[in-house]
Amino acid sequence: MALEWVVLGYAAGAEAVMVLLLTIPGLDGLRKGLVAVTRNLLKPFLSIVPFCLFLLMDIYWKYETRPSCESPGSCTPTEHLRHQKSMIKSQRNALLIASALLFYWLLFTVTRLVVQIEQLNQRVEKLKNQD
């Protein structure tokens with residue numbers, strides 16, 4: 001199962017880098033190319049949403065089927081430690097899922113806004129040239 005988390009981490013990282021590159025001021029020359037690349041990657045990156053839902057269901061299933069160590073004598077210290085490590089990993093993975101979904105939404109929104117700004121700038125230039 002570790003491979004899925006690595007793939008999700010790399011995807012979230014790629015989304016974060018693209019959002020960062022689209023929002024850094026002073027990259028106007030590269031921005032058109034970045035917008036084109038980002039717009040082409042938005043549809044493949046949409047597969048992150050069902051993938052995150054699948055991984056979230058996996059976390060939920062692990063949570064529901066975990067051994068209960070509520071009474072003092074029911075678990076050995078080793079089992080109790082394993083249970084705590086599993087909970088920490090699940091929390092970390094839930095944060096990774098949330099960040100991947102957040103970065104996808106940010107990338108989609110920022111790309112849409114950059115395209116709208118470019119279109120508005122073109123309209124302004126057209127109106128300036130007509131007058």
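Colleague: Which helix gives the largest share of the nonpolar surface patch?

Modeller: This is a predicted model. Leu46, Val49, Leu53, Leu56 and Leu101 make a nonpolar surface patch of about 380 Å². Leu53, for one, lies in helix α3. The largest share, three residues, comes from helix α3 (residues 48-64).

Colleague: What does UniProt annotate, and how far apart are the end C-alpha atoms of residues 94-115?

Modeller: The unreviewed UniProt entry marks residues 6-24, 45-63 and 94-115 as "transmembrane region". In the model, residues 45-63 are 89% helix and 0% strand, with end C-alpha atoms 28 Å apart. Residues 94-115 are 100% helix and 0% strand, and their end C-alpha atoms lie 32 Å apart.

Colleague: Which residues have the most contacts inside the largest nonpolar core?

Modeller: That core has 21 residues, and the ones with the most contacts inside it are Leu8, Ile48, Ile97 and Leu107. At least two core residues come from each of α1 (2-23), α2 (28-45), α3 and α4 (77-130). Take Leu8: beyond its neighbours within four places in sequence, its contacts are Ile48, Phe51, Cys52, Leu55, Leu96, Ile97 and Ala100.

Colleague: Is Asp28 buried or exposed, and what about its salt-bridge partner Arg31?

Modeller: The side chains of Asp28 and Arg31 meet in a salt bridge, 2.9 Å from N to O. Both lie in helix α2, three residues apart, about one turn of the helix. Asp28 has a relative accessible area of 57%, over the 50% cut-off, so Asp28 is exposed. Arg31 has 14%, under the 20% cut-off, so Arg31 is buried.

Colleague: Why can Lys62 and Asp58 be said to form a salt bridge, and how far apart are their closest N and O atoms?

Modeller: Lys62 and Asp58 are four residues apart in helix α3, so about one helical turn separates them. Lys62 is partly exposed at 37% relative accessibility, whereas Asp58 is buried at 13%. The closest N and O atoms of Lys62 and Asp58 are 3.7 Å apart.

Colleague: How far apart in space are Ser68 and Asp28?

Modeller: Ser68 sits in the loop between α3 and α4. Leaving aside neighbours within four places in sequence, Ser68 is in contact with Ser74 and Cys75. Ser68 and Asp28 are 40 residues apart in sequence, and C-alpha to C-alpha the distance in space is 57 Å.

Note on methods. Residues numbered from 1 in each chain as written. Predicted model: local features only at pLDDT ≥ 70, side-chain atom pairs only at ≥ 80, totals over all residues. Heavy atoms only, no water. Patch = residues over 30% accessible without salt bridge, like charges linked within 9 Å, V, L, I, M, F, W, Y side chains within 5 Å. Areas by Shrake-Rupley, 256 points an atom, 1.4 Å probe, with all protein chains shown as cover. Salt bridge = Lys/Arg side-chain N within 4 Å of Asp/Glu carboxyl O. UniProt positions renumbered as here; feature names shortened; annotations may be inferred. Core = buried A, V, L, I, M, F, W, Y, C linked by side-chain atoms within 4.5 Å. Buried < 20%, exposed > 50% of the residue type's maximum accessible area, 1.4 Å probe, protein only. Contact = heavy atoms within 4.5 Å.
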